[in-house]
Amino acid sequence: MSTADAPKKPRETDDVPVPATLRKSLKNRHIQLIALGGAIGTGLFYGSSESIALAGPSILLAYLVGGFAIFMIVRALSEMSVEDPKAGAFSYYATRYWSKRAGFISGWNYWFNYILVSMVELSVVGKFVNYWFPAIPTWVSAAVFLVIICAANLLGVSKFGEFEFWFAIIKIVAVIAMIVGGLAVIIFALPTASGVRASFANWFTVGNGFFPNGLMGQNSDGSWTGLLMALVVVMFSFGGTELIGITAGETEDPKTTIPRATNDIIWRILVFYIGALGVIMAVVPWNTIDGKSSPFVQIFDSVGIHAAAGILNFVCLTAVMSVYNSGLYANSRMLYSLAKQGNAPAYLGKLNSRGVPVAGVLTSAAITAIAVVVVFVWPEFAFNYLMSIATIAGIINWTMIMLTEMKFRKVVAAGGAPEDSELAGLSGQEALDAIHFKLPFAKVTPWVVLAFLALVVVLMCFSTSYRIAVIAGVIWLAILFAAYQLTQAKK
């Protein structure tokens, strides 16, 4: 029989039945946009007003410093993902290179974090829908979008990638349009509603200059403000960038795609955060950004384009859907990974013929639905307390990524690299030098990032709204430790 007549091996797509395994169906364009979309959300469109109020134009430095820290965190995760691409990255690596306890805590912490984030995103989706259709109950909007996103995730990883690709495109176009529009106002000296001529000089001449509140200071009401306090708000706007690591196990060519997407994060932060907010504060005096509306709306309103509110409402609606889409994907893969480690019920580790962990998708969606009900019944309790845990969970997650990377290097140096890796059979400095996508200055960088994250936690203690998050974080870690010990005792 000729090679032309030989039976062909079925391709790993979501539409061809092959043995149950995760499909490597995410293409380069998917990963690039997933990485970019993860860094752009409602935190930029609406939350940036809070950070601007705290630090004024110096908020640009806060985004630069915070962005550098996030970049190094993702670089640390990507170093492991390229050598050992697996689903549920954080939890798998913590288990493989640290301990089963670390994998348990890392995995369940990340899962619960995204449950809480998804819960809040779904609870506000109704407000965006009500902008056009005020008669539709908010719970109906939440239920409809939950079902739509859940169905998309059940279709296969390539469908998830397509959804996330187009969600990201919408957000990117919105930010670029704002930047171009703002630059046009500055270049052509168009009149603005504030009466202040649009200029980058406004960073230094409006409201006590570039550092209006200094590094850190106290207001008359006892609240703290300044550049350092703004770091707390800034760091939480970067949540989601670590999703790149989760996708590694289902990426066509992780050794090429993951490094490219990771390295692009730094210029994305420069353009989409620093560039966008820099233009906004050049057109709209920073001390008039009061948080009552998005800075993105204000910049268009200032030159008479009043349709901006409706456009941004659509963009934020897609951003919310994007967050839940990513959250459900990440959570289902995390449960799959936890099950494979023996840290979650075995049924969560089963895949259907499309390579989708259906039980993980449905279980995460069901828990999120229950949590959304809690938000609608006790909104004040949900937002003041449950989201505090989600806030500190992000810090815990980033901390464990850096600690795990150090453990990973120790294992590699001891000759314990994955058998299917190019590092297999190597040890010592030779093995470390052979790492495909190295974390820059790996002996020092993790400690610098950990010190920075510790500083953020300390700064949180100075804020009334964030102080509870620190207390909740300690309690949450105690619960995870106790849960692990309980599960081990039962076994």
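This is a predicted model: local features need pLDDT of at least 70, side-chain atom pairs count only at pLDDT 80 or more; totals for chains, interfaces and linings use all residues.
Trainee: In which hand does α7 pass α15, and which residues of α7 meet α15?

Mentor: The crossing of α7 with α15 is right-handed. On the α7 side, F145, L146, I149, C150 and N153 make the contact, and they meet L317, M321, Y324, N325, L328 and Y329 in α15.

Trainee: How do the residues in the contact of α7 with α15 divide by class?

Mentor: The contact of α7 with α15 comprises 9 nonpolar, 2 polar and no charged residues. Tyr and Cys count as nonpolar under the classification, so Y324, Y329 and C150 belong to the nonpolar group.

Trainee: What is the hand of the crossing of α6 and α15, and how do the residues of their contact divide?

Mentor: The α6 and α15 crossing is left-handed. Their contact holds 21 nonpolar, 8 polar and 2 charged residues.

Trainee: What makes α4 oblique to α19?

Mentor: Helix α4 (residues 59–83) and helix α19 (residues 445–460) have axes 10 Å apart and pack at about 130°. The roughly perpendicular range ends at 115 degrees, and roughly antiparallel needs an angle over 145. About 130° lies between those limits, so α4 is oblique to α19.

Trainee: Which residues of α4 and α19 meet, and what is the hand of the crossing?

Mentor: V65, G66, A69, M72 and I73 of α4 are in contact with T445, V449, F452 and L453 of α19. The α4 and α19 crossing is left-handed. By class, their contact has 7 nonpolar, 2 polar and no charged residues. Gly counts as polar in this scheme, so G66 falls among the polar residues.

Trainee: How many cavities of 30 Å³ or more does the structure hold, and what volume has the largest cavity?

Mentor: There is 1 cavity of 30 Å³ or more. The largest cavity has a volume of about 40 Å³. What makes a space a cavity rather than a pocket is that a 1.4 Å probe fits inside but cannot get out.

Trainee: Which residues line the largest cavity, and which element gives the largest share?

Mentor: The lining consists of L77, M80, A89, F90, Y93, A94, S106, M400, I401 and T404. Helices α4, α5 (89–97) and α17 (379–413) each give two or more residues, and α5 has the largest share, with 4 residues. The lining has 8 nonpolar, 2 polar and no charged residues.

Trainee: What is the volume of the second largest pocket, and how do its lining residues divide by class?

Mentor: The second largest pocket has a volume of about 280 Å³. Its lining has 5 nonpolar, 1 polar and 6 charged residues. Among the lining residues are E405, R409, K410, D433, K438 and K443; Asp, Glu, Lys and Arg count as charged, so these residues belong to the charged group. Helices α17, α18 (428–433) and α19 each give two or more residues to this lining, and α17 gives the most, with 4 residues.

Notes. Residues are numbered from 1 along each chain as its sequence is written. Side-chain values use heavy atoms; hydrogens and water are left out. Axes are lines fitted to C-alpha atoms, for helices over the stretch in contact, and angles run from 0 to 180 degrees between N-to-C directions. Angles under 35 degrees count as roughly parallel, over 145 as roughly antiparallel, 65 to 115 as roughly perpendicular and the rest as oblique. A crossing is left-handed if the near helix is turned anticlockwise from the far one by less than a right angle, and right-handed if clockwise. Contact means heavy atoms within 4.5 Å. On a 1 Å grid over the protein atoms alone, a cavity is a set of points where a 1.4 Å probe fits but cannot get out, and a pocket is an open set with protein on both sides within 12 Å along at least five of seven lines; lining residues have an atom within 4 Å of a point. Grid points are joined across faces, edges and corners, and a volume is the space filled by probe spheres set on the points.
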